[in-house]
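Q: Before we go through the model, how should I read its features? Please take them one at a time.
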Amino acid sequence: MVVAVLAAAVLAGPGVAQAAPPAASAPREQVAAASITWTLERASNPTQDQQTAYDLITAAMNAAVARYNNLSDLGKSITVRYDPGVPTADGNINGTIRFGNRSYMTQRTALHEIAHTIGVGTSSGWSSLGGGGTWNGAEATALVKRFDGSAAKLSTGGGHFWPYGLNYENEFSNTAADRHVQIVAAMVRDGL
């Protein structure tokens, strides 16, 4: 396996910060040189509210991107915004994520929203492979069976999947987060 070296955070002009993920907290074998990157749109003179949100979002996105980059070879350039009018958070296949409510500025939410930017619940591949309530792609199905036994399946609905969709904060653990990334990558190989 190829070991990728993660870059340090870089400022890319007025009001825009680009952040690269920090090293993972536990040693992990990397799958390949990863290519998920993200940029946080920032006010040039942030209020205290904005700065607090930026700090929380940065920590969440750095951790989530590090996990995706350590465990997959998925590629996406993501633009992140703080939008207090968003009740939770949302991700779009166009590569945008908006965070609103502070309680959703977590690694779990960032992982979940990155999956939406990649196509979970937002792509035509999702509609064709997951539109009937069960994911029908061979790779992701085989992976969830490996994790949870021969009777396991990936359920789909409302643009989400479970298990390992990280749809709620109480679903988060390091194991579940790692499996989330691996399943999203398998869904992409299936045609997401």
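A: Start with burial: a residue is buried under 20% relative accessible area, exposed over 50% and partly exposed in between, using a 1.4 Å probe and protein chains only. L166, at 0% relative accessibility, therefore counts as buried. The model is predicted, so to speak of local features requires pLDDT of at least 70, and side-chain atom pairs count only at pLDDT 80 or more, while totals for chains, interfaces and linings use all residues. Residues are numbered from 1 along each chain as its sequence is written, and side-chain values use heavy atoms, leaving out hydrogens and water.

Q: How many helices and strands does the protein chain have, and in what order do they run?
A: Helices (H or I, at least four residues) and strands (E, at least two) are DSSP runs, numbered from the N terminus. Here there are 5 helices and 8 strands, in the order β-β-β-α-β-β-β-α-α-α-β-β-α.

Q: What share of the protein chain is buried, and what share of its contacts join residues at least 24 apart?
A: Of the 192 residues, 46% are buried. A contact means heavy atoms within 4.5 Å. Among contacts between residues at least 6 apart in sequence, those joining residues at least 24 apart make up 59%.

Q: Which residues of the largest nonpolar core touch the most other members?
A: In soluble globular proteins, nonpolar side chains tend to be buried together. A nonpolar core is a set of buried Ala, Val, Leu, Ile, Met, Phe, Trp, Tyr and Cys residues joined through side-chain atoms within 4.5 Å. The largest one here has 47 residues, and M61, Y68, I114, I183 and M187 touch the most other members. Elements giving two or more residues to this core include strand 3 (35-41), helix 1 (48-71), helix 2 and helix 5 (174-190). Helix 1 gives the most, with 9 residues. Leaving aside residues up to four places away in sequence, I183 touches A140, L143, V144, F147, L154, F161, P163 and Y164.

Q: How do helix 4 and helix 5 pack?
A: Two packed helices are described by the angle between their axes and the distance between the axes. Axes are lines fitted to C-alpha atoms, for helices over the stretch in contact, with angles from 0 to 180 degrees between N-to-C directions. Helix 4 and helix 5 pack at about 150°, with axes 7 Å apart. Angles under 35 degrees count as roughly parallel, over 145 as roughly antiparallel, 65 to 115 as roughly perpendicular and the rest as oblique. The two helices are therefore roughly antiparallel to each other. Among the residues making the contact are A140, L143 and V144 of helix 4 and I183, A186 and M187 of helix 5.

Q: Is helix 2 enclosed or open, and what is its span?
A: Because 12 of its 12 residues are buried, helix 2 is largely enclosed by the rest of the structure. G119, with a positive phi near 135°, follows helix 2.
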